[in-house]
Every structure is written in structure tokens, then in C-alpha cells.
Amino acid sequence: VVGVASAFATAVMWLCSFIVCLAFRGLQSTLGASGVFALFAVFCFLCFLFVTLLVPETKGKSVDEVLELLGVEARSVKRAPKEFVNSAAT
């Protein structure tokens, strides 16, 4: 699960970077350089508000506690067999 989630997050990051690179020149000719960076700053501030207000803190919580916090039933989540988890830790 961690590998798939990490790969998905990386793909989304590269896609967003690609979109920013494509949009920069057009926005720069319309808004000017300072206008583009102000627009990006507004997006960053909105993302900060989203994370601060809507994303729950999961530090120090077990997987079951995180699933409960997110409203997901623990039975509906596929988990690796214990022998696989124990062998991967060594």
C-alpha cells in the first residue's frame, strides 16, 4: 500500500509541476511576473488553509486510530500478512 501511495503521490506532483510550467508563460504575458507569483502565493495560502483546517493530525497514532479518524472501517482495508510485515522489519 505504501509503495502504491508513494508512486501515486509522485505522479501527481510531477503532473502539477508540468501544469505550472505550461501555464507560466501565458500567465506571465497576461499578469506580469509579479502577478504570476502573487497568484501562486494565493494558491499556496489556500492549500495551507486546507491542510490546517481540514486534514487531521495523524502523528503518533496507530493505523487503526487513523482509519477511525478518517471514517474507514478497519475490516475493509487489506493488510499484509503478519509474517510479511515481521520479515520486512528485519
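In this predicted model, the cysteine sulfur closest to that of Cys16 belongs to Cys47, at 9.0 Å, which is too far for a bond. The sulfur of Cys44 likewise has its closest cysteine sulfur in Cys47, at 6.4 Å, again too far for a bond. A disulfide is a covalent bond between the sulfur atoms of two cysteines; the criterion applied here is a pair of cysteine sulfur atoms within 2.5 Å. A search of the whole structure accordingly returned zero disulfides. With a relative accessibility of 43%, Cys16 is classed as partly exposed, whereas Cys44, at 54%, is classed as exposed (buried, under 20% relative accessible area; exposed, over 50%; partly exposed, in between; 1.4 Å probe, protein chains only).

Residues are numbered from 1 along each chain as its sequence is written. Because the model is predicted, local features require a pLDDT of at least 70 and side-chain atom pairs a pLDDT of 80 or more, while totals for chains, interfaces and linings use all residues, and side-chain values use heavy atoms, with hydrogens and water left out.

The chain contains three helices and zero strands, in the order α-α-α from the N terminus (DSSP runs numbered from the N terminus: helices, H or I, at least four residues; strands, E, at least two). The mean pLDDT (the predictor's confidence in each residue, from 0 to 100) is 85 for the chain, and 81% of the residues score at least 70. Confidence is highest in helix α1 (residues 2–54), at a mean of 94, and lowest in helix α3 (residues 82–89), at 57.

Of the 90 residues in the chain, 3% are buried. The accessible surface (Shrake-Rupley method, 1.4 Å probe; for residues, only the protein chains shown count as cover) amounts to about 7900 Å², with 71% belonging to carbon and sulfur atoms.
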